[in-house]
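Here is a short briefing on the structure below. It is grouped by topic for quick reading.

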Amino acid sequence: MPTLQGIKPERQIILWIVANAGGIGKTTLGLHLGYRMAQLGLKVAMIDLDTNGSAARFCGLDSNKSPEQTSAALFDRNFGGQYPFQVPEWGHPNGSFEVCVGGDVMLSVSLDLPSRTGREFVLKRAFKKYPLDHDILILDSPASLDVLSYSALAVATHILMPIPMSVKLTGIDSLLQWIRIEAESLDLDPIPELLGGIPMRVANNADQKAFYSEISAVLEEQNIHCFSGIRYSSEFENASNRGRAPLFIHRPGHAACKDFDPIVQALCDAIQIPDAGKI
Ligand SMILES: Nc1ncnc2c1ncn2[C@@H]1O[C@H](COP(=O)(O)OP(=O)(O)OP(=O)(O)O)[C@@H](O)[C@H]1O
Ligand SMILES: [Mg+2]
């Protein structure tokens with residue numbers, strides 16, 4: 001495993017993983033990318049904005065926490081910079097990987113946020129006032145585009161779009177349109193860079209290959225990169241059910257581990273690691 005020991009990236013990126021579909025592997029993708037980046041020696045944090053508490057569960061942590069111990073803290077009117085990061089049950093890889101868990105309490109955040117002045121920028125203001133020194137922050141969000149999605153959009157520098165292999169292709173267009181329209185109405189400058197779409201849970205059969213080609217054509221029509229995708233394997237589910245989500249820990253030799261490599265490479269390029277091409 002190559003590492004980036006002693007190499008400091010030139011910038012921090014805030015990566016938002018967004019899809020308008022549930023149960024397709026958003027959290028799994030975020031955890032795997034984060035873990036892999038940390039294995040390379042980088043400092044990574046994942047911030048879960050979802051009520052379902054998956055990030056905590058997949059990390060072997062309890063999501064049933066009081067608000068100040070979760071991502072809800074970052075939205076508190078009295079937030080003073082105490083980010084409630086936790087280390088997953090498996091410990092840090094080579095660099096560090098921390099998680100700020102979501103869970104039920106995120107529902108109260110969604111209910112409170114609409115009444116706040118500059119509500120879309122509450123998270124952005126927290127990061128600005130209390131800067132984090134992580135190389136990469138990964139924002140995981142729910143399946144629906146809600147008030148917290150605006151917070152993620154407003155603060156993200158980069159976006160990845162996991163795509164289910166059963167989606168109506170119009171779903172991709174409507175998500176892209178939502179991102180464009182809302183980024184413009186929030187007057188984001190620069191607007192987050194869309195690194196690409198990632199077909200998720202890709203089975204090895206002719207139907208899926210044909211569907212992959214259709215997805216890739218829809219994306220490329222709009223000049224958006226289509227990654228080669230993450231294959232389907234029941235081992236992902238076994239790993240997450242055991243609270244040891246990264247396949248890199250659960251089954252390090254599994255062929256699906258390699259599926260993340262092109263995306264990791266794109267992230268290394270995005271954080272401007274010198275000589276990232278050699279990783
Ligand atoms: N490539 C894959 N192959 C098979 N199962 C997978 C794969 N990726 C994720 N899974 C499993 O699918 C389930 C849903 O994954 P995950 O929670 O990451 O999706 P999600 O999009 O974040 O869901 P939600 O919308 O509920 O937040 C989990 O049990 C996970 O282990
Ligand atoms: Mg999720």
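Helix 1 crosses helix 10 with right-handed geometry. The model is a predicted one. The points below begin with that helix pair, then turn to a second pair, the ligand shell and selected loop residues.

**Helix 1 and helix 10**

- The two axes, of helix 1 and of helix 10 (residues 261-270), approach within 10 Å and cross at roughly 65°.
- On the helix 1 side, the contact is made by Leu33, Arg36 and Met37. Their partners in helix 10 are Ile263, Val264 and Leu267.
- The contact of helix 1 with helix 10 comprises 5 nonpolar residues, no polar residues and 1 charged residue.

**Helix 4 and helix 5**

- Helix 4 spans residues 122-129 and helix 5 spans residues 147-155. Their axes come within 7 Å and cross at roughly 45°.
- Helix 4 contributes Val122, Leu123, Lys124 and Phe127 to the contact. Helix 5 contributes Ser151, Ala154 and Val155.
- By class, the contact of helix 4 with helix 5 holds 5 nonpolar, 1 polar and 1 charged residues.

**Ligand 1**

- The shell around ligand 1 has 19 residues. Gly22, Gly25, Lys26, Thr27 and Thr28 come nearest.
- Helix 1 (26-39) and helix 8 (234-241) are the elements that give two or more residues to this shell.
- The shell around ligand 1 divides into 6 nonpolar, 9 polar and 4 charged residues.

**Glycine 23**

- Glycine 23 sits in the loop between strand 1 (13-17) and helix 1.
- Glycine 23 counts as partly exposed because it has 14 C-beta neighbours inside 10 Å.
- Proline 164 is 141 residues from glycine 23 in sequence. In space, the C-alpha atoms of glycine 23 and proline 164 are 8.9 Å apart.

**Methionine 165**

- Methionine 165 belongs to the loop between strand 5 (158-164) and helix 6.
- It has 17 C-beta neighbours inside 10 Å, so methionine 165 counts as partly exposed.
- Leaving aside neighbours within four places in sequence, methionine 165 contacts Pro199, Met200, Arg201, Val202, Gln208 and Phe211.
- Isoleucine 179 is 14 residues from methionine 165 along the chain. The C-alpha atoms of methionine 165 and isoleucine 179 are separated by 21 Å.

**Loop between helix 6 and strand 6**

- Aspartate 189 and proline 190 are joined by a cis peptide bond, with omega about 5°.
- Proline 190 lies in the loop between helix 6 (169-185) and strand 6 (193-200).
- Aspartate 187 is found in the loop between helix 6 and strand 6. Its phi is positive, about 60°, although aspartate 187 is not a glycine.
- Aspartate 187 counts as exposed because it has 8 C-beta neighbours inside 10 Å.

**Asparagine 223**

- Asparagine 223 occupies the loop between helix 7 (206-221) and helix 8.
- Phi of asparagine 223 is positive, near 60°, in a residue other than glycine.
- With 7 other C-beta atoms within 10 Å, asparagine 223 is exposed.

Notes: Residues numbered from 1 in each chain as written. Chains lettered and ligands numbered in written order. Predicted model: local features only at pLDDT ≥ 70, side-chain atom pairs only at ≥ 80, totals over all residues. Near = placed C-beta within 6 Å. Helix = DSSP H or I, 4+ residues; strand = E, 2+ residues; numbered from the N terminus. Nonpolar A, V, L, I, M, F, W, Y, C, P; charged D, E, K, R; others polar. Axes fitted to C-alpha atoms, helices over the stretch in contact; angles between N-to-C directions. Contact = placed C-beta atoms within 7 Å. Buried ≥ 20, exposed ≤ 12 C-beta atoms within 10 Å, placed from the backbone. Left-handed = near helix turned anticlockwise from the far one by under 90°.
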